[in-house]
Amino acid sequence: MAAKDIFHEAVKRALEKDQLIITKEPLELEWEEVIVKINLGAERLIAANRGNEKIAVEIKSFVSISAISSFHTALGQFLNYRIMLEVNDPERLLYLAVPVEAYQTFFQSRLAQVVIKPYQLKLIIYKPKTEEIIQWIS
C-alpha cells in the first residue's frame, strides 16, 4: 500500500467536519493493467431530490524543499487520476487538497495560476493544525 501523506488524517477529519462521508480509503481505480489509488473517496448528501455529490481527493502536503517539484508530481497525478475517473467513475469529481500555506504562497505564483486554469484543477484548501477546510475552488 502506498504511504499516506503526512496530512492525510487531518484532511480526512476536515472533510468529515464539512459533512462529507468517507466512502473509500483509498479509492482504487483500474484501467486495463494500470491501478491507481486516490487518497479518499467521499460523498455528501446534497438534497433529497438531487442525490449525492461524489468526490475523490488527492492529498498533498507541499512540505518538500522544492515546491515546483511537488507541484509537478501533484499535477501529473491529478491529470492521470482524472482520466481514470472519467473511465471508471465519471460522476465523481476530483479535487487536489493543498495546505493553506502552500496555496497562499506557491499557488499564487504566476506559473501556478497559468497552469491551474487550463487544466481546471479543483482545489480544497485546508488547515492541517485545525483540521478544517478553508475553501473549495471549482
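## Ground rules

Residues are numbered from 1 along each chain as its sequence is written. In this predicted model, local features need pLDDT of at least 70, side-chain atom pairs count only at pLDDT 80 or more, totals for chains, interfaces and linings use all residues, and side-chain values use heavy atoms, without hydrogens and water.

## The cores

A nonpolar core is a set of buried Ala, Val, Leu, Ile, Met, Phe, Trp, Tyr and Cys residues joined through side-chain atoms within 4.5 Å. Buried means under 20% relative accessible area, exposed over 50%, and partly exposed in between (1.4 Å probe, protein chains only). The largest core has 27 residues. I38, F107 and L123 have the most contacts inside it. Helix 2 gives the most to this core: seven residues. Helices (H or I, at least four residues) and strands (E, at least two) are DSSP runs, numbered from the N terminus.

A second, separate core has 16 residues, including F7, A14, I55 and Y126.

## Helix 4

Which residues of helix 4 are buried? They are A112, V115 and I116. They sit on the same side of helix 4, because they cover an arc of only 100° around the axis. The arc is that of the directions from the helix axis to the C-beta atoms. These buried residues pack against helix 2 and strand 7. The face turned away from the buried side carries exposed R110, K117 and P118.

After helix 4 comes Q120, with a positive phi near 50°.

Note on methods. Contact = heavy atoms within 4.5 Å.
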